[in-house]
Amino acid sequence: MFARIKKAGGYEYLQLVESRRENHKPVQRVVATIGRLDKLKQSCRLEKIVESLTRFCQEAMILVTNKGKDSESKSRIFKIGPSLIFERLWKKTGIKAVIEELVGRRRSGFNVERAIYLTVLHRLFGGGSDRACDDWRRSYRIEGIERLSLHHLYRAMEWLGEELTDNQESTATAFSCRCIKDVIEERIFEKRRDIFTGLELVFFDPTTLYFEGLGGESLGQHGHSKDHRGDLKQMVVGIVLDGEGKPICCELWPGNVTDVKTLIPVIERLRSRFGISRICIVADRGMISKDTLALLESGDLGYILGVRMRNQKEVKEEVINDRGSFEEVFPVRSKAKDPSPLKVKEVYVDKRRYIVCYNEEQAHRDVHTRQTIIEVLKERLKGNAGSLVGNKGYRKYLNIDKESFEIDQTKIKEDARYDGIWILRTNTGLSAKEVALKYKQLWRVERVFRDTKSLLKTRPIFHKYDRTIRGHVFCSFLALVLREELERELEDAGYVFEWEQIKRDLKAMQETEISHQEKTFLVRSEAQGICGKVFQTIGVALPPTIRRI
């Protein structure tokens with residue numbers, strides 16, 4: 001069966017003809033006359049008919065254009081799913097408009113916004129250095145990046161980390177300058193802000209990122225490494241989330257700045273940068289020091305802070321020993337998806353307010369873990385006990401007297417007091433239940449850091465200057481903003497998908513570009529797995545199966 005042109009009355013008609021043999025002779029029969037060829041071309045009906053037929057054979061265009069020895073057809077394959085989805089989110093979050101507005105009429109010689117978008121998309125689906133990004137982009141179809149090269153990516157990172165002039169440095173601190181990326185964060189927040197949007201509650205937690213290179217002029221310093229790479233220079237990165245878990249900003253400091261020194265400057269910067277009159281900050285127990293608490297108490301700052309139970313005399317002797325009754329927040333789980341059990345009570349020591357939280361399931365796990373360690377200790381003490389001293393898990397239950405070792409029952413009894421318990425200190429007017437639940441939301445920040453360092457692969461960082469390092473890390477923060485927005489919209493639509501699953505199915509959507517006889521066609525693969533649901537949720541239409549460009 002084939003198509004042919006028949007001329008009649010000065011017009012050309014397109015016919016579908018069947019060819020067969022009867023009595024050893026070829027016979028042709030017109031199956032259908034599709035229509036006048038000139039009208040079919042004008043109305044694009046011909047393309048629609050071909051597109052409809054490819055539903056039954058999506059490889060048809062490729063087979064046709066590559067058939068024959070004399071064919072000059074060429075084809076290239078690009079992944080299109082990632083950029084189609086995140087281009088929409090890039091615009092929806094306001095990031096695209098903010099960057100274009102700030103770039104303005106600046107004569108950069110290249111599209112700065114496209115360079116930043118390319119880098120951010122690479123953080124989500126590739127990861128690694130800017131040089132790796134330049135290689136990675138060749139297999140993806142991303143609008144507007146054709147004229148970009150590697151040095152453009154470096155210059156875009158430099159622009160993001162560029163320090164502002166003196167009259168714009170009102171929110172700089174002793175260990176962090178004010179730069180372009182700060183303005184972007186503020187304007188993105190302003191775009192999604194309404195009369196109901198505020199920062200009455202924020203979550204904050206810092207982590208460290210080490211450098212393969214020298215770490216810039218001042219950011220790279222030796223300090224306490226949470227990555228256990230004390231041999232390398234590092235920087236400190238703090239992420240701030242609002243009460244709904246949305247990323248607000250990232251703070252970047254030299255690697256020798258301790259956690260307890262960062263909390264107050266962060267609060268002051270937040271109030272100044274985002275126009276906040278009152279703020280309540282939720283942070284982990286590593287952020288507490290006597291000086292920090294004194295400053296928090298002396299001002300109008302609200303806080304919910306974790307307490308180091310074993311290190312504070314007041315907590316060990318008074319708070320833990322309080323005989324008040326607990327209020328049940330969540331009962332013991334009957335199903336795996338139920339919230340973990342939780343009981344709370346408040347304890348006052350003078351005017352200091354503590355919230356004692358108790359998780360029955362965690363208490364059982366703590367008991368089992370301790371019993372397992374004790375059993376192992378009993379066996380080890382029969383042999384060479386000297387090796388136990390270097391293990392903190394074992395050493396805390398031992399009584400060491402010169403070269404003799406024995407299990408200390410007093411230490412075991414003391415440790416049992418803390419089974420399933422965690423304690424908070426707060427000066428807010430929230431109920432004990434609300435304080436505990438707000439603090440539990442801090443896991444969002446911890447997940448953000450895991451994403452920053454593993455899923456988004458901020459490292460390796462080879463940049464030589466502080467400004468390019470700031471830009472490099474900030475692109476990972478923008479990637480987090482986009483990912484959080486995607487997951488939030490999917491959750492609102494009733495979907496909960498693993499990030500690796502989303503990445504896999506979006507990357508599986510490909511488009512084959514076929515050039516044949518001075519014509520170029522794009523042939524899209526089918527949507528696999530959850531890809532169709534993601535497109536529907538974000539409001540992006542799937543491209544046609546076949547289209548001519």
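## Cysteines

A disulfide is a pair of cysteine sulfur atoms within 2.5 Å. This predicted model holds 0 disulfides. Take Cys133: the closest cysteine sulfur, in Cys475, lies 8.9 Å from its own, too far for a bond.

Cys133 is also buried (buried means under 20% relative accessible area, with a 1.4 Å probe and protein chains only), at 0% relative accessibility. Cys531 is buried too, with a relative accessible area of 1%.

## Helix H8

Helices here are DSSP runs of H or I, at least four residues, numbered from the N terminus. H8 spans residues 150–160. Its buried residues are Leu150, His152, Leu153, Ala156, Met157, Trp159 and Leu160.

What covers these residues? The cover includes helices H5 (95–103), H6 (112–125), H7 (130–136), H9 (180–191) and H18 (466–492).

## Nonpolar cores

A nonpolar core is a set of buried Ala, Val, Leu, Ile, Met, Phe, Trp, Tyr and Cys residues joined through side-chain atoms within 4.5 Å. The largest one has 85 residues. Ile85, Phe86, Ile116 and Leu486 touch the most other members. H18 gives the largest share of this core, 11 residues. Apart from it lies another core of 23 residues, including Phe189, Val236, Leu263 and Phe274.

Which residues does Ile85 touch? Contact means heavy atoms within 4.5 Å. Leaving out residues up to four places away in sequence, Ile85 touches Leu486, Leu506, Val534, Phe535, Ile538 and Val540.

## About the model

Residues are numbered from 1 along each chain as its sequence is written, and side-chain values use heavy atoms, without hydrogens or water. In this predicted model, local features need pLDDT of at least 70 and side-chain atom pairs count only at pLDDT 80 or more, while totals for chains, interfaces and linings use all residues.

Methods: Buried means under 20% relative accessible area, exposed over 50%, partly exposed in between (1.4 Å probe, protein chains only). Helices (H or I, at least four residues) and strands (E, at least two) are DSSP runs, numbered from the N terminus.
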